[in-house]
Amino acid sequence: MYTSCQAKNNVALYIGVTSNLERRIWEHRNNVNIDGFASKYNCVKLVYFEEYNSIDDAIKREKQLKAWKREYKDALVKKENSTWRDLSAGWM
């Protein structure tokens with residue numbers, strides 16, 4: 001699974017892989033088990049995600065997306081979530 005979380009101030013996008021999206025979003029919001037980029041930029045808003053059956057495929061996609069320019073990532077999110085709303089709103 002690939003996730004893209006947007007910082008509250010809409011400056012940064014975090015891209016990562018998880019086997020439990022709901023738990024990972026909770027961790028981001030509560031600063032649990034998070035050191036580095038997601039914590040530094042307060043990435044708490046789920047704006048896009050993809051599901052994969054294989055962890056290898058998910059990691060391959062994660063690496064691909066991390067290599068993209070920001071404008072390409074923004075276009076991908078906008079295509080599926082034009083208002084950049086928090087897709088996990090109401091989960092917790």
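## A residue after helix H4

Trp84 is found in the segment that follows helix H4; here helices (H or I, at least four residues) and strands (E, at least two residues) are DSSP runs, numbered from the N terminus. The model is a predicted one, in which local features need a pLDDT of at least 70 and side-chain atom pairs count only at pLDDT 80 or more, while totals for chains, interfaces and linings use all residues. Residues are numbered from 1 along each chain as its sequence is written, and side-chain values use heavy atoms, with hydrogens and water left out.

Although Trp84 is not a glycine, this residue has a positive phi of about 55°. Its relative accessibility is 16%, so Trp84 counts as buried (buried means under 20% relative accessible area, exposed means over 50%, and partly exposed lies in between, with a 1.4 Å probe and protein chains only).

## The protein as a whole

The protein contains four helices and three strands. Read from the N terminus, its elements follow the order β-β-α-α-β-α-α. Of the 92 residues in the protein, 39% are buried.

The accessible surface of the protein amounts to about 5,800 Å², and carbon and sulfur atoms account for 46% of this surface. Such areas come from the Shrake-Rupley method with a 1.4 Å probe; for residues, only the protein chains shown count as cover. Among contacts (heavy atoms within 4.5 Å) between residues at least 6 apart in sequence, 64% join residues at least 24 apart.

## The nonpolar core

A nonpolar core is a set of buried Ala, Val, Leu, Ile, Met, Phe, Trp, Tyr and Cys residues joined through side-chain atoms within 4.5 Å. The largest such core here consists of eight residues, namely Leu13, Ile15, Val47, Tyr48, Leu65, Leu76, Val77 and Trp84. Three elements each supply at least two residues of this core: strand E2 (13–17), strand E3 (43–50) and helix H4.

In H4, the buried residues are Lys73, Leu76 and Val77. These residues lie on the same side of H4, because they cover an arc of only 95° around the axis; the arc is that of the directions from the helix axis to the C-beta atoms. Glu71, Lys78 and Lys79, on the other side of H4, are exposed. An α-helix has 3.6 residues a turn, so residues three or four places apart point the same way.

Lys73 belongs to helix H4 and is buried, at a relative accessible area of 17%. Leaving out residues up to four places away in sequence, Lys73 touches Leu13, Ile15, Leu65, Lys66 and Trp68. Lys73 and Leu13 are 60 residues apart along the chain, yet their C-alpha atoms are separated by 8.5 Å.

## Asn81, beyond the end of H4

Asn81 lies in the segment after helix H4 (70–80). With a relative accessible area of 1%, Asn81 is buried. Apart from neighbours within four places in sequence, Asn81 is in contact with Val47 and Leu87.

A polar atom of the Asn81 side chain lies 3.0 Å from the backbone oxygen of Val47. This is a polar contact, that is, a pair of N or O atoms within 3.5 Å; within protein, one must be able to donate a hydrogen and the other to accept it, and residues adjacent in sequence count only if both atoms are side-chain atoms.

## Helix H1 and its start

Asn20 is found in the loop between E2 and H1 and is partly exposed, with a relative accessible area of 32%. At the start of H1, a side-chain oxygen of Asn20 comes to within 3.4 Å of the backbone nitrogen of Glu22. A polar atom of the Asn20 side chain also lies 2.9 Å from the backbone nitrogen of Arg23.

Helix H1 covers residues 21–29, and its buried residues are Leu21, Arg24, Ile25, Glu27 and His28. Because they cover an arc of only 160° around the axis, they lie on the same side of H1. Just after H1, Asn31 takes a positive phi of about 50°.

## An aromatic pair

Rings of Phe, Tyr and Trp (its six-membered ring) pair if their centres lie within 6.5 Å; planes under 30 degrees apart count as stacked, over 60 as edge-to-face and the rest as tilted. By this rule there is one aromatic pair. The ring centres of Trp68 and Tyr72 are 6.5 Å apart and their planes stand at 90°, so the pair is edge-to-face. Trp68 is partly exposed, with a relative accessible area of 27%, and Tyr72 also counts as partly exposed, at 44% relative accessibility.
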